[in-house]
Amino acid sequence: MYKDEEMGYEKAVNPKTIVIDYGGANVAKPLHIGHLRSAIIGESIKRIVRYAGHEIIGDIHLGDWGLQMGLIITELQERQPDLVYFDESYEGEYPAEAPFTISELEEIYPTASGKSKEDAAYKEKAMEATFKLQSGVRGHRALWQHIMNVSVADLKKNYANLNVDFDLWKGESDVHDIIPGMVKYMKDGGYAHE
């Protein structure tokens, strides 16, 4: 093994293209030990499978589209109600800079999450904000894009410090528009029932 360039390992005879989904970071909050563990395990598997001769694509699969986004938007609106993003009649360009930093974002989400667990009206507002985001309301989409930009930049920095690299930075939002067609296909094909 020592003398063999491949250490005695035989490369795949029929290489395959394999996508591995690891990471699963939620863009609304900082990474925790569970994210770090899955990132290290996933990166190790990716490297082993790549060494075996397969083409491998690492996908982080971001949590970027659910209630956590509505919670952040709701808390931003509570704190800064005069932000142009909340004026649904506004037709101009939105600011290029986010109205928050990564440090503020890391504080906003847990605060909003805590409020939603104790205040039903607050949670209802967050669910409405989530619906508006997913329905394409411009201001909510612009805020979401700021959240993504700020959070993903921080995630990339943290993962780079761990020497973890993803080929795809896709998330739940990337499949939002194809889900209705997929559900119809599964129902029509008898794979799923109501």
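Strand β1 (residues 17-21) and strand β2 (residues 55-59) run parallel, joined by 5 bridges. This is a predicted model. Within the pair, T17 faces E55 of β2 across the strands. In a regular strand, side chains alternate between the two faces of the sheet.

Together, β1, helix α1 (residues 33-51) and β2 form a β-α-β unit. Its hand is right.

Next comes the nonpolar core. The largest one holds 40 residues. Among them, L62, M69, I72 and Y159 touch the most other members. Several helices supply this core: α1, α2 (67-79), α3 (102-118), α4 (120-135) and α5 each give two or more residues. The top contributor is α5, with 9 residues.

Helix α5 spans residues 138-161 and includes H146. Is H146 buried or exposed? H146 counts as buried because its relative accessibility is 7%, and buried means under 20%. What does H146 touch, leaving aside neighbours within four places in sequence? Its contacts are Y85, the run P95, A96, E97, A98 and P99, and finally F100.

How values were computed
Residues are numbered from 1 along each chain as its sequence is written. This is a predicted model: local features need pLDDT of at least 70, side-chain atom pairs count only at pLDDT 80 or more; totals for chains, interfaces and linings use all residues. Side-chain values use heavy atoms; hydrogens and water are left out. Helices (H or I, at least four residues) and strands (E, at least two) are DSSP runs, numbered from the N terminus. Buried means under 20% relative accessible area, exposed over 50%, partly exposed in between (1.4 Å probe, protein chains only). Contact means heavy atoms within 4.5 Å. Two strands pair if DSSP finds at least two bridges between them. A crossover is right-handed if, with the strands pointing away from the viewer, the path from the first strand over the helix to the second runs clockwise. A nonpolar core is a set of buried Ala, Val, Leu, Ile, Met, Phe, Trp, Tyr and Cys residues joined through side-chain atoms within 4.5 Å.
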